[in-house]
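Here's a quick look at one chain and how it is laid out. Have the sequence and the model open as you read.

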Amino acid sequence: MAKFAYRMQSILDIKEKMEGQAKIAYGVANAKLMDEQTKLQQIMIRKAGYESQARNLVNGTIDVPKIKECKRAVDTMKTMQRSQMMNVHVAEKNVEAARLKLNEVMMERKTHEKLKEQAFEVFKQEMQYAENKEIDELVSYTYHEGMTETR
């Protein structure tokens, strides 16, 4: 009995490894995005705290140096927030690029798997044909032997 050997198995193996690497890259990009979003949330929380502190300083007794300091802190937080929003945007683009790469690699792997399945179907048909041919030969030999004995 012949054994099925896919002649492009090494390519399929490489495609599977590339898919694994693409999944890892996607996971890393996604983790980076989550990290950047967490940083943005922390900056927004700090900014809200400074704004609340500024509102409280304006009420009651007015301490001008503290109000100015709080105002600078709010402005600094606004700058940090804009900068972090840009970082989040870059991370989102990286995640999208990694996702597209992963989809492309997965499609290539699936294509090679389909080719392997088709090659296996052809192999099974060839084996079935060879088996049928062998059975026909045995039957015809047996029939031929039976005919020569009766003469």
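Among contacts (heavy atoms within 4.5 Å) in the protein chain between residues at least 6 apart in sequence, 88% join residues at least 24 apart. This is a predicted model, where local features need pLDDT of at least 70 and side-chain atom pairs count only at pLDDT 80 or more, while totals for chains, interfaces and linings use all residues. Residues are numbered from 1 along each chain as its sequence is written, and side-chain values use heavy atoms, with hydrogens and water left out.

The protein chain has two helices and zero strands; these are DSSP runs, with helices being H or I of at least four residues and strands E of at least two, numbered from the N terminus. Here are some values for the protein chain as a whole:

| Property | Value |
|---|---|
| C-alpha span along principal axes | about 130 × 25 × 15 Å |
| Radius of gyration (over C-alpha atoms) | 36 Å |
| Buried residues (under 20% relative accessible area, 1.4 Å probe, protein chains only) | 19% of 151 |

For comparison, a compact globule of 151 residues would have a radius of gyration near 15 Å, going by the rule of 2.2 Å times the number of residues to the power 0.38.

Now to helix 1, which covers residues 9-58. Its 50 residues reach 73 Å from first C-alpha to last, close to the expected 74 Å, which is 1.5 Å times one less than the number of residues. Buried residues in helix 1 include Leu 12, Ala 22, Leu 33 and Ile 43, but also Lys 15, Glu 19, Glu 36 and Lys 47. After helix 1 comes Gly 60, with a positive phi near 80°.

Notes: Buried means under 20% relative accessible area, exposed over 50%, partly exposed in between (1.4 Å probe, protein chains only).
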